[in-house]
Amino acid sequence: MKQFLKLTKAMFLMHVRNRTTLFWNMVFPIFLLVIYRVAFGDGQVGAVSYMDWVVPGVVVFNILAFGLLGSGTMMVEMREKGVLRRLHASPVAALPLVGSYLLVNVLIALVQCVLVLGFAVVVFGMHLTAAGVLRALPMIIVGIVTFVALGQVVSGVAPSTGMAIAVGQILNFSQMFITDMIMPIDAMPAWIQDAAPYLPAYAVAQLVRPPLLEGTFAPNLGSHLLVTAVYALGAALLAAGLFRWSPKR
Amino acid sequence: MKSMKGKDQMEEMVIRIEGLSAVYGRGARQVRALQEASLAIRRGEIFGLLGPNGAGKTTLLSCVEGIHTPAAGGVWIDGIDVRRYPRVAQRKLGIQLQQTALLDDLTVAELVEVYAALYEVYLDRAAALALLARFELQDKTRSLARRLSGGQKQRLALALAVANDPEIILLDEPTAALDPRARRAVWEIIRRLHQEGRTLVITTHSMEEAEALCGRVAIIDAGRIVACDTPARLIAALDAAPVLRTQFDIPLEQVESLPGVRMVRYSGEYLEIETTRPQETLAGLQQAAVQQGRSIADIMLRQPNLEDVFLRLTGKTLAAWKES
C-alpha cells in the first residue's frame, strides 16, 4: 500500500508539473467551451439550448482526448526515455504500477471534468443538480477508464511519441463530430446515425448527457454500458498483450 | 552501511553466468547479441566489462537484471536463478542503466524516495538527505532532475542505484559523456561503494577506466567473452614490450628495420612501435629524422596496457573501436 501511494504521488506530480499536459488537460477544454459559445451560443437542440447540450459533450470529448492522447503518449514517452525499462529492472509488481497509473489518470481527468462543468455553471449559468452530478460521476469514470484503455492500445502499437500522437489524433478527431458529442447526431447522414451507436465516444456521450441535463440515468442505459464495456475490456486485454517495457530495436 | 567482508567470503561467487546467449529480433533480422558467455563474479570486487559499443555488454547486464530473457544459459545471483525468480534476484541489485532514465519532472529528493519505494525501502526525508549528501547533492534536493548538469545527473543516478542499500551494484557506462573532472568524482564514488563491501559490475569502453577501477575485467567483442582476468595478468600474458608512441611520419618498413622493434602499427594519428630495446629504437628514429632534415616533435614511451590486450585478442585498435 505504501509503495502504491508513493508511486501514485510520483505519477501525479509528473502529470501536474508537465506544462504541455497541463495546457491540454486544463486550459484547452475551457478554450473549447468559449469557442462553442461564440460560434453556436444561440442554437437549440430539441428542448435545450445548444450551450447546455454541448457541455456534457465537451466533458466527454475531453476525457476522450485525455485517454487517447494524454495517457497513451505519456506511456510512450516513459518507454522512449527508458523509465519503463528501469521500472522493469526493479522488483515492483505490475499491479501497483498499473494501478497507480490508472488512478492518477482517472483523478486528472476528473479534475478536468470539474473544471469544465464549474466553468459552465459559473460563466454560462448552466444548471446542475446534485443528484444529476452523482449519477453522471460513475458514467464519467467508466468513460475515462475506457478511453485510457484505448489510449494504451495506441501506446502499444505506436513505435514513437510522434506516431502515438498521430494515431491518437486520428481516433480522437474521427469521433469528434459523428458521435453526438459536439454536433447533434440528427444532423448526420443516415449511415453515420446507424454506425455511431457502436462507437465508444457515442456510448459514453449517451451515458453522461442525461444525468447532467435532466438528473436521470440514460434511456437504454444497459445497451450503452454494454458497448462501453466491450471496448473497455477488449482494449484492456489488447493493451496488456501489446505492452512492452523497451522501445523496439 | 555494509561492513567489510572477511577474506573467505570475498572469494565467494556472487553472480554466476553460464553459457549465456541472447538474441534480438526474429527470423532474418535476428541479431545474436551474446554467445555462450560464462563468468563468475566474486563478492566484494569491482568487475569490469570492457568492449566497444555493440559488443554485448549492456545485453549481458540486461540478462543479469532480469529484463532480457536469454536464448540459452542462465544467470544466478547469490544462487538465485534470475529467470525463475526475477523479483527475488532484482531485490539484491542496485542498478544504473546506460540511458539515465529519470522521471525528470520530479525533484532529486522525490526521486530518491520513489526509487527506494520500488524496492519497498521507505526513506524518510532525513534518510534521503543523508544519502544525497554522500553524493554531494545535498544542495540540489529541491531541484527538478531535468535541471541538473551532466555530472550531477550521473551522481544522482548512482544515488538512486544505492537507494535500496544493495549488496550488488550494476553500472552501465557510469562515466560516458562526462568531462574528466566529473569522471574522477564518479570514480571516487565507485571506490567508496567498493570500500563499503559492495560488489560492483561496471561496463566501459575506456581502457583507462578499467585499469583504474577494476580488480578484474572481462573483454567482450562481438558477443563473446574473449578474456577474463586482472588487468595486470592480462597484460603480462601478452608478453608485450614497451611501446614508443609518436606522430613522426616515417615509412613502416624503415621503422621495422630499427634495432629491437617487434611490431609497428598506426593507432589513430599515432605511430606505435613495440620494442624490446626502446633506447636504441629511439636513437634509430632520431637518426632517420636527422637524415631527412626533420625533427621529432613528440615521442612517448609507455608500458603495454589493456589497449594492447584488446588489440591482440580482437585484431582491432582502440581508434578503430571508437569509430565503430
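What share of the 324 residues in chain B is made up of buried residues? Buried residues account for 44% of them, where buried means that 20 or more other C-beta atoms, placed from the backbone, lie within 10 Å of a residue's own. Keep in mind that this is a predicted model, in which local features need pLDDT of at least 70, side-chain atom pairs count only at pLDDT 80 or more, and totals for chains, interfaces and linings use all residues. Residues are numbered from 1 along each chain as its sequence is written, while chains are lettered from A and ligands numbered from 1 in the order in which they are written.

**Confidence**

- The predictor gives the complex an ipTM of 0.85 and a pTM of 0.85.
- Chain B has a mean pLDDT of 89, with 94% of its residues at 70 or more; pLDDT is the predictor's confidence in each residue, from 0 to 100.

**Chain B as a whole**

- Chain B holds 13 helices and 14 strands, which are DSSP runs numbered from the N terminus (helices: H or I, at least four residues; strands: E, at least two).
- The C-alpha trace of chain B spans about 75 × 45 × 45 Å along its principal axes.

**The nonpolar cores**

- A nonpolar core is a set of buried Ala, Val, Leu, Ile, Met, Phe, Trp, Tyr and Cys residues joined through C-beta atoms within 7 Å.
- The largest core has 148 residues, and those touching the most other members are Val59(A), Val60(A), Ile63(A), Val208(A), Leu111(B), Val112(B) and Ala159(B).
- With 18 residues, helix H3 (residues 50–81) of chain A gives the most to this core.
- A second, separate core has nine residues, among them Leu244(B) and Phe248(B).

**Where chain A meets chain B**

- Each chain brings 22 residues to the contact; two residues are in contact if their C-beta atoms, placed from the backbone, lie within 7 Å.
- On the side of chain A that touches chain B, the largest share, eight residues, comes from H1(A).
- That side of chain A divides into 10 nonpolar, five polar and seven charged residues. Here Ala, Val, Leu, Ile, Met, Phe, Trp, Tyr, Cys and Pro count as nonpolar, Asp, Glu, Lys and Arg as charged, and the others, Gly among them, as polar.

**A pair of helices in chain A**

- Helix H6 (residues 130–157) of chain A meets helix H10 (residues 221–242) of chain A through residues including Val142(A) in H6(A) and Thr228(A) in H10(A).
- The contact of H6(A) with H10(A) has 13 nonpolar, four polar and no charged residues.

Note on methods. Axes are lines fitted to C-alpha atoms, for helices over the stretch in contact, and angles run from 0 to 180 degrees between N-to-C directions. A residue is buried if 20 or more other C-beta atoms lie within 10 Å of its own, exposed if 12 or fewer, and partly exposed in between; C-beta atoms are placed from the backbone.
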